[in-house]
Amino acid sequence: LFHRHWMGLLLAEDYFSVFYPDHHVTHLCDVLVVCDDDDGFAHLPGHGQKQLRVFSRYEQELLNRYLLNNVTPTKLGVLLCLYTGLRNGELCALKWSDLDLGEKKLHVNKTMQRIQMPKGSVPKTAILVTPPKSECSVREIPIPEELFQVLRWYKKPSNYYVLTAHD
């Protein structure tokens with residue numbers, strides 16, 4: 001679903017940093033596009049002739065196997081995007097308490113954003129966790145079996161954020 005360069009970066013463990021959730025998951029979620037066209041490219045509405053190369057089934061399987069091997073909070077975040085279609089802010093705000101593993105459901109009821117503080121402020125940015133902008137964004141998403149098994153195995157305390165594995 002994204003350029004081979006991204007695949008190389010994903011496979012290089014030393015590439016990941018503490019800034020990964022804030023920066024790179026944004027790009028991953030932005031480019032995870034389903035494509036039904038025969039030419040292998042995703043055509044983005046409103047973007048003229050702009051095209052994104054879509055992963056082949058083989059590349060998708062490679063990525064899936066890589067993410068399922070030695071799960072980390074970062075890999076789990078990418079898996080959640082792939083399996084559920086969560087938006088970046090929803091993923092960042094997701095806590096373990098939002099996952100109902102008994103019912104195999106994920107509850108989306110908040111979003112996270114980083115905002116710029118006034119010039120000269122320390123810190124320069126602040127993180128806001130708020131309800132989604134629209135009522136339609138508050139929803140329950142069924143958790144697929146393969147993802148459920150990973151979540152059940154990797155489960156952390158309910159007050160922890162899923163993406164960072166701490167509170």
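Predicted model: local features only at pLDDT ≥ 70, side-chain atom pairs only at ≥ 80, totals over all residues.
Visitor: What span should α4 have, and how far apart are its end C-alpha atoms?

Guide: At 1.5 Å a residue, α4 should span 16 Å, and its end C-alpha atoms are 16 Å apart, which agrees. Gly85 follows α4 and has a positive phi, near 75 degrees.

Visitor: At what angle do α4 and α6 pack?

Guide: An angle over 145 degrees counts as roughly antiparallel. Helix α4 (residues 73–84) and helix α6 (residues 145–154) pack at about 150 degrees, with axes 11 Å apart. That makes the two helices roughly antiparallel. The crossing is left-handed.

Visitor: Which residues of α4 and α6 meet?

Guide: An α-helix has 3.6 residues a turn, so residues three or four places apart point the same way. Here, the residues of α4 in the contact include Pro73, Leu76, Leu80 and Thr84, while those of α6 include Leu147, Val150, Leu151 and Tyr154. The contact comprises nine nonpolar residues, one polar and one charged.

Visitor: How do α3 and α4 cross?

Guide: The axes of α3 (residues 57–68) and α4 come within 9 Å and cross at roughly 140 degrees. These helices are therefore oblique to each other. Their contact includes Leu63 and Leu67 of α3, and Val78 and Leu82 of α4. By class, eight of its residues are nonpolar, one is polar and one is charged.

Conventions: Residues numbered from 1 in each chain as written. Heavy atoms only, no water. Axes fitted to C-alpha atoms, helices over the stretch in contact; angles between N-to-C directions. Helix = DSSP H or I, 4+ residues; strand = E, 2+ residues; numbered from the N terminus. Parallel < 35°, antiparallel > 145°, perpendicular 65-115°, else oblique. Left-handed = near helix turned anticlockwise from the far one by under 90°. Contact = heavy atoms within 4.5 Å. Nonpolar A, V, L, I, M, F, W, Y, C, P; charged D, E, K, R; others polar. Expected span 1.5 Å × (residues − 1).
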